[in-house]
Amino acid sequence: MSALTATKRPGRTRPPRGARDGRPRGPDLGAWFLVLPALLPILVLSVGPLLYGIALAFTDAQSGRTTATGWVGTLNFQDLLHDTLFWDSFRIGAVWAVGVTVPQFLLALGLALLLDQKLRLRWLARALAIVPWAMPEVVVGIMWRLVYNPDAGILNETVRNLGLGDGRDWLSGLATALPAVIVVGVWAGMPQTTVALLAGLQNTPRELHEAAALDGAGAWRRFRTVTWPALRPVALAITALNLIWNFNSFALVYVLTSGGPGGRTRLPMLFAYEEAFRYGQFGYAAAMGCVMVAAVSVLVALSLVRRLKGDQDR
């Protein structure tokens, strides 16, 4: 009897709720209520306007018209295929995005490597490095317009003092406008790239650098075999984001040149803005926006595919 009482009865496993009657358990409504405060602004401020813009691209919506807006199908996209001015702006946007992103990354990488060293007043250098990031794009544009001012700008004054000429109107010259704007874009966007790369450098184990140094590896070899493999995921992610952000730039270029001179700095976003709010062609401008969204989506997809392949190879 004692042996029987000492043997424990196997416990009964309680079936999950909803499984007792053979039906699968439904979604937890409590989780949706917790996510809703964060999800609602995204739906209202991002998804809603995006869907409205896509629908607007298939209409002949214009400002100031008295008749009702009509459905025109793909007519706006057909006109867009033959709009050489838009495709010129698309080409300028690609040149701008690559011309800003590549120097931005290289300079930010060098600055991040420098700020990762044990320097005196390193905290002050790191604080000064992110100052451009803290400035609004409109303020950055106004400041650099003063720098490029042909009469009293500090750049032309420096050129004159060095005896290199009388200076020039950098933002109004057909050959200098786009390079001058690219310089501003690199300066304004470099801090965020520096912060991302510096965070990746600080996550690299110091023991690997010490072991490589003990093996006789020089600075370049340590960077190639230790630093870059650990930094590569961060570098690919921030480069893809910079390409997207730079391609969609508006405020900085608008303040500096408003797309001039002669459309040499008219990015696709500026072109769509002019079509919508200067000429009142809302449907046509929405079609341009759809094309830009599609281009950015392709960039995002390529970035994700490359990232997933890199994760599988490791």
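Visitor: Which hand is the crossing of H4 and H11?

Guide: H4 and H11 make a right-handed crossing; a crossing is right-handed if the near helix is turned clockwise from the far one by less than a right angle, and left-handed if anticlockwise. Helices here are DSSP runs (H or I, at least four residues), numbered from the N terminus. This is a predicted model: local features need pLDDT of at least 70, side-chain atom pairs count only at pLDDT 80 or more, and totals for chains, interfaces and linings use all residues. Residues are numbered from 1 along each chain as its sequence is written, and side-chain values use heavy atoms, with hydrogens and water left out.

Visitor: At what angle do the axes of H4 and H11 cross?

Guide: Roughly 145°, and the axes come within 10 Å. Axes are lines fitted to C-alpha atoms, for helices over the stretch in contact, with angles from 0 to 180 degrees between N-to-C directions.

Visitor: What classes of residue are in the contact of H4 with H11?

Guide: There are 15 nonpolar, seven polar and no charged residues. Nonpolar covers Ala, Val, Leu, Ile, Met, Phe, Trp, Tyr, Cys and Pro, charged covers Asp, Glu, Lys and Arg, and the others, Gly among them, count as polar.

Visitor: And how do the axes of H4 and H9 cross?

Guide: At roughly 45°, coming within 6 Å. That makes H4 oblique to H9; angles under 35 degrees count as roughly parallel, over 145 as roughly antiparallel, 65 to 115 as roughly perpendicular and the rest as oblique. The contact of H4 with H9 has 21 nonpolar, six polar and no charged residues.

Visitor: What about H9 and H11?

Guide: Their axes cross at roughly 160° and come within 9 Å, so H9 and H11 are roughly antiparallel to each other.

Visitor: Different topic. Where is Pro 261?

Guide: Pro 261 is in the loop between helix H12 (251-256) and helix H13 (268-277). A cis peptide bond joins Gly 260 to Pro 261, with omega about -5°. Ser 258 is also in the loop between H12 and H13, and its phi is near 55°, a positive value in a residue other than glycine.

How values were computed. Helices (H or I, at least four residues) and strands (E, at least two) are DSSP runs, numbered from the N terminus.
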